[in-house]
Amino acid sequence: MAQTPTSRGRAQDRARVAGAQDHEVKYESTKEGVSKDTVKKAVKSAGNSRKSVEAEIGRR
């Protein structure tokens with residue numbers, strides 16, 4: 001029997017940026033107005049937390 005779907009996993013997923021997922025990098029780059037390469041570098045240096053990535057982009 002399948003489990004009841006919850007929003008818990010969805011909320012945790014939204015709090016992260018998967019640097020290897022092109023669609024997530026593209027979304028974040030469009031949202032922040034920077035290049036995809038800048039987002040990938042921010043994920044690599046700050047980690048995959050969306051707040052950390054956005055703060056890292058703001059510092060550049």
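Visitor: Where is the place of Glu28?
Guide: Glu28 sits in helix H2. Helices here are DSSP runs of H or I with at least four residues, numbered from the N terminus. Keep in mind that this is a predicted model: local features need pLDDT of at least 70 and side-chain atom pairs count only at pLDDT 80 or more, while totals for chains, interfaces and linings use all residues. Residues are numbered from 1 along each chain as its sequence is written, and side-chain values use heavy atoms, with hydrogens and water left out.

Visitor: Is Glu28 buried or exposed?
Guide: Glu28 is buried, with a relative accessible area of 0%. Buried means under 20% relative accessible area, exposed means over 50%, and partly exposed is in between (1.4 Å probe, protein chains only).

Visitor: And what is Glu28 in contact with, leaving aside its neighbours within four places in sequence?
Guide: Val17, Val39, Arg50 and Glu54. Contact means heavy atoms within 4.5 Å.

Visitor: Which other residues of H2 are buried?
Guide: Along with Glu28, the buried ones are Glu24, Val25 and Ser29. They cover an arc of only 130 degrees around the axis, so they lie on the same side of H2. That arc is taken from the directions from the helix axis to the C-beta atoms.

Visitor: What covers that buried side of H2?
Guide: The cover includes H1, H3 and H4.

Visitor: Which residues are exposed on the other side of H2?
Guide: His23 and Thr30.

Visitor: What comes just after H2?
Guide: Gly33, which takes a positive phi of about 75 degrees.

Visitor: OK, new topic. At what angle do H2 and H3 pack?
Guide: At about 105 degrees, with their axes 9 Å apart. Axes are lines fitted to C-alpha atoms, for helices over the stretch in contact, and angles run from 0 to 180 degrees between N-to-C directions. H2 and H3 are therefore roughly perpendicular to each other. Angles under 35 degrees count as roughly parallel, over 145 as roughly antiparallel, 65 to 115 as roughly perpendicular, and the rest as oblique.

Visitor: Which residues make that contact?
Guide: From H2 there are Asp22, Val25, Lys26, Glu28 and Ser29, and from H3 there are Lys36, Val39 and Lys40. By class, the contact of H2 with H3 has two nonpolar, one polar and five charged residues. Here Ala, Val, Leu, Ile, Met, Phe, Trp, Tyr, Cys and Pro count as nonpolar, Asp, Glu, Lys and Arg as charged, and the others, Gly among them, as polar.

Visitor: How do H2 and H4 cross?
Guide: H2 (residues 22–32) and H4 (residues 50–59) cross at roughly 45 degrees, and their axes come within 12 Å. That makes H2 oblique to H4. The crossing is right-handed; a crossing gets that name if the near helix is turned clockwise from the far one by less than a right angle, and left-handed if anticlockwise.

Visitor: Which residues meet there?
Guide: Glu24, Tyr27, Glu28, Lys31 and Glu32 in H2 meet Arg50, Glu54 and Ile57 in H4. The classes in this contact of H2 with H4 are two nonpolar, no polar and six charged.

Visitor: Which residues are buried in H4 itself?
Guide: Arg50, Val53, Glu56 and Ile57. Their arc around the axis is only 125 degrees, which puts them on the same side of H4. They pack against H1 (8–14), H2 and H3 (36–46). The face of H4 turned away from its buried side carries the exposed residues Lys51, Gly58 and Arg59.

Visitor: Last one: how do H3 and H4 cross?
Guide: At roughly 115 degrees, with axes that come within 9 Å, and this crossing is right-handed. Val39, Ala42, Val43, Ser45 and Ala46 in H3 meet Ser52, Val53, Glu56 and Ile57 in H4. By class, the contact of H3 with H4 has six nonpolar, two polar and one charged.

How values were computed. Helices (H or I, at least four residues) and strands (E, at least two) are DSSP runs, numbered from the N terminus.
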